Structure formats: C-alpha cells, structure tokens
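Here is my note on the model you sent. Please read it with the structure open.

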Amino acid sequence: MSPSRPKSAQPLSAAEALQLLEQHARQSQDVLASRTDAGPEVLNYLAENGAAATRRAVAANPATPAETNWQLADDIDKNVRKALAGKIGRLFPGLLAEEEKQLRDLTFATLEKLARDEVSEVRAILADEIKAYDCVPKTVVEALANDADPKVALPVIEFSPLLDDRDLIELVAATRASAILSAVARRKHLSGDVSDAVATTLDIDAVAALLANTDAAIRTKTLDRIISQAAEVAEWHSPLVVRADLSKSAIRRLATFVGTALIDTLAARSGLDEATRTHLKSKLEERRSTEAAAEAAVIEAARKAGTLNEAFVAEAVEECRKETVVKALSVLAKTDELTVRRVLDSRSAKGAIALVWHAGLSMRVAFKLQTQVMRLSGKDLVPARHGIDFPLDEDEMRWHLGYFGIS
C-alpha cells in the first residue's frame, strides 16, 4: 500500500511545480557557473542561457574559456561586465603565458571591448586591475589614460609602465585638471623632462606632489623656478624644505619666507657649511620675532574687539597654533607667557585643566588642549566629568595653579 498524502498538504498546481523546477535549475546553474571543473561547453551554455547572477558567476570564473569571456564583454548586465573586468585584469599575465595565439588575440579583444565599455565603473575596474602591467596592449592603456572619467584615467596615469615620457608630457599639455597633473607628478622614477612639464603648469597640488616625490628628478633650474613662485604658496613650503637636492642658494632663499619650524628643519640638514648655518640662525631669530609680533597683534585686536573668548581659543587649539594659544591663555588667565609655556610643556593634564579653568574657559577646551597641543594620550589624559564638567574641584584647581606659581 502506498503512503497516504498528509491531510495538511495541498497538491501542487502546475505553475507551482514549474516554479520549483526553475528554482532548482537556477540553483544548479549557479553552482556549476562557479566551478572551475565544469568544462568549457557547460560554462559557454550558462553564459548564453543563464540568468544574470549565473552569467556573473561565469564571468568571474577563472576557468571560463577566452571565447566565452569575449562574448560576455557585450553582456547587457553591467555587473556581468564588471565581474569580467576584474577577473581579466587579475588573470591577464597568466592567460598570456598559457594560451595559444588565437586565444591570446581573443583575450586582447576582450580587454579592448571592456576599455570602451559605456559604463565607467567597468572601465575603472579594468584600469585598476591592469594599471601596473607591462604586458597589456598599449592601445588599451592609452584609451584608459585619456578617459574622461578620472576614476578610470588616474590609476593608469600614475602607475602604468607603458606610458613613456612623450605620453606623459602630452597628457600634461592636454589638461588643466589638477588630479591628472598630480597623478603624473606622483609617478615613480619621473624624469627631469616630465618634471619640467609639471612644474611649468604651476598647479598648486601637482607641484606639491612633484616636490614630495622623492623619485622625481627635478633639475636645479626647475627647483629655482618653483622657489621663485613659492613664497605665497604655503602648500609647497614643507615638501621643498625636505628635498635632499637643494642647493645652498635654494636653502638660503627658502629661509627668507618659510616659517620658523621649517627653518629649523633646514638648519638640521647634514652637510651645511658654517656660513649657511649662521645665515639660517639669523633668519630664524628674525622670523620668530616677526611671528611673535604678528601673534601679539592678533591677540590684542581680538581683546579690543571682545572676541578673545572660548571660540577664539578653541579654534587656535584645533589648528594646533601653539603660540596663539599661549598668548591667548596668558591674557585670559592674567599670567605671563613663560608660565603658560611651562604648564603646556610639563605634560601635566591637571595643570592644563586648572589653567583653562582660571582663564574662564570650558572643560571642552581643556580636553582639546590636552590632545591637540600637548599631544597627550591614553592614561595621561584627564577627561571631563559627566562629559562636560571639570574633573577637579576648586581646591584641586588652585593647588595645581599654585604649583606653577599662578595666584
């Protein structure tokens, strides 16, 4: 006797039965599409007849044959083409090593299709995957390097070994886009000719990237030309100062307009002659005097305008302008600058908190002072009580002030 159907079970309709068959068929297809041992005929069948998810799995499968890859490069679903672009890029060197000429040609053709894809996301994936290869067709690299979408062009411009000096100089001459110029400027082993081309643009970000590129060969005349324009371009000061190829005259010229910290950096260079060291010491003293006078003027103007307050000090703290913070706290706490510096240099979080309290400012400023200016962290930090309140009582505050001689 055959088993009886459970009373609660309803018989399947024809539509439900077909739906179950389709679901099982799709699941089987998805499993096969990801298997590297499925065989070329099966993968080709799935690429032609499978659902979008199945075709994506075939596109991502490293065992998919070259002809099927070529067909998938025209798939109507962009996600299929994105999966293919990522796989082809990763596998390309190995494909070339293993395949016969006909299959290599198909792989080249697939790359060219993807490089012309109407969806920039597909082109960007391909560009990022092949950016460092020297075995891809140069026509593909040139197409990607000249792409209108920066997400496509930038990786290839910065990293492709197939772009020679002539290509790079033409790219620089053809654009005003700072991102493109900066990508050229960041390249490894940049020649003097290309550096000249970038420097001539006077693009602030690109020249800063060029100066920061220790692999860039920059001629003395080119550096001198940049320095002659650099006084008003703060973004160039630091990368200029740390370059190892500065001449003595370049060092002296830089000392006439960079800040005290950067003059200190120049003075710390090895190999300086005594005359240059003396010159830098003199410029450092001049600059410190000038900067101190300028800061004092700013503080006095704020005091007279009634804006020497919490917001003023908080902004100076957030921007790590220590001299401004010292002078502002000195005025607000009615104590001398030397004492304020002693507090900040002591790494005493409680001393700094007491000083800020005495200056009439909030614990929010005191905490930022600890992290931004004093550079305290971990167990050295003293946080606010309940998120906003001073963690010390008035007697403790006064004790710490007295320790530093503040009445």
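1. Basis. This is a predicted model, in which local features need pLDDT of at least 70 and side-chain atom pairs count only at pLDDT 80 or more, while totals for chains, interfaces and linings use all residues. Residues are numbered from 1 along each chain as its sequence is written, and side-chain values use heavy atoms, leaving out hydrogens and water.

2. Helices α17 and α18. Helix α17 spans residues 260–267 and helix α18 residues 274–305. Helices are DSSP runs (H or I, at least four residues), numbered from the N terminus. The two axes come within 9 Å and cross at roughly 170 degrees. That makes α17 roughly antiparallel to α18 (angles over 145 degrees count as such). Axes here are lines fitted to C-alpha atoms over the stretch in contact, with angles from 0 to 180 degrees between N-to-C directions. The crossing of α17 and α18 is left-handed, meaning that the near helix is turned anticlockwise from the far one by less than a right angle.

3. The α17–α18 contact. Contact means heavy atoms within 4.5 Å. From α17 come Thr 260, Ile 263, Asp 264, Leu 266 and Ala 267. From α18 come Arg 277, Leu 280, Lys 283, Leu 284, Arg 287, Arg 288 and Glu 291. By class, the contact has 5 nonpolar, 1 polar and 6 charged residues. Ala, Val, Leu, Ile, Met, Phe, Trp, Tyr, Cys and Pro count as nonpolar, Asp, Glu, Lys and Arg as charged, and the others, Gly among them, as polar.

4. Helix α11. Is this helix, residues 178–185, mostly covered or mostly open? It is mostly covered, with 6 of its 8 residues buried. Buried means under 20% relative accessible area, exposed over 50%, and partly exposed in between (1.4 Å probe, protein chains only). The buried residues of α11 are Ile 180, Leu 181, Ser 182, Ala 183, Val 184 and Ala 185. Their cover includes α9 (150–159), α10 (165–174), α12 (192–201) and α13 (204–212).

5. Ala 206. This residue lies in α13. Ala 206 is buried, at 0% relative accessible area. Leaving aside residues up to four places away in sequence, Ala 206 touches Ser 178, Leu 181, Ser 182, Ala 185 and Val 198. Its C-alpha atom is separated by 8.4 Å from that of Ile 180, 26 residues apart along the chain.

6. Salt bridges. The count comes to 33. The rule asks for a side-chain nitrogen of Lys or Arg within 4 Å of a carboxyl oxygen of Asp or Glu. Asp 164 and Lys 138 pair at 3.7 Å, N to O. This pair links distant parts of the chain, 26 residues apart: Asp 164 sits in the loop between α9 and α10, Lys 138 in helix α8 (residues 138–145). Asp 164 is partly exposed at 37%. Lys 138 is partly exposed at 30%.

7. Arg 166 and Glu 170 meet in a salt bridge at 3.4 Å, N to O. Both lie in α10, 4 residues apart, about one turn of the helix. Arg 166 is exposed at 64%, while Glu 170 is partly exposed at 45%.

8. Arg 243 and Asp 245 form a salt bridge at 2.9 Å, N to O. Arg 243 is buried, at 7%; Asp 245 is partly exposed, at 33%. Salt bridges that share partners also join Glu 323, Lys 327, Glu 337 and Arg 341 into one network.

Methods
Helices (H or I, at least four residues) and strands (E, at least two) are DSSP runs, numbered from the N terminus. Angles under 35 degrees count as roughly parallel, over 145 as roughly antiparallel, 65 to 115 as roughly perpendicular and the rest as oblique.
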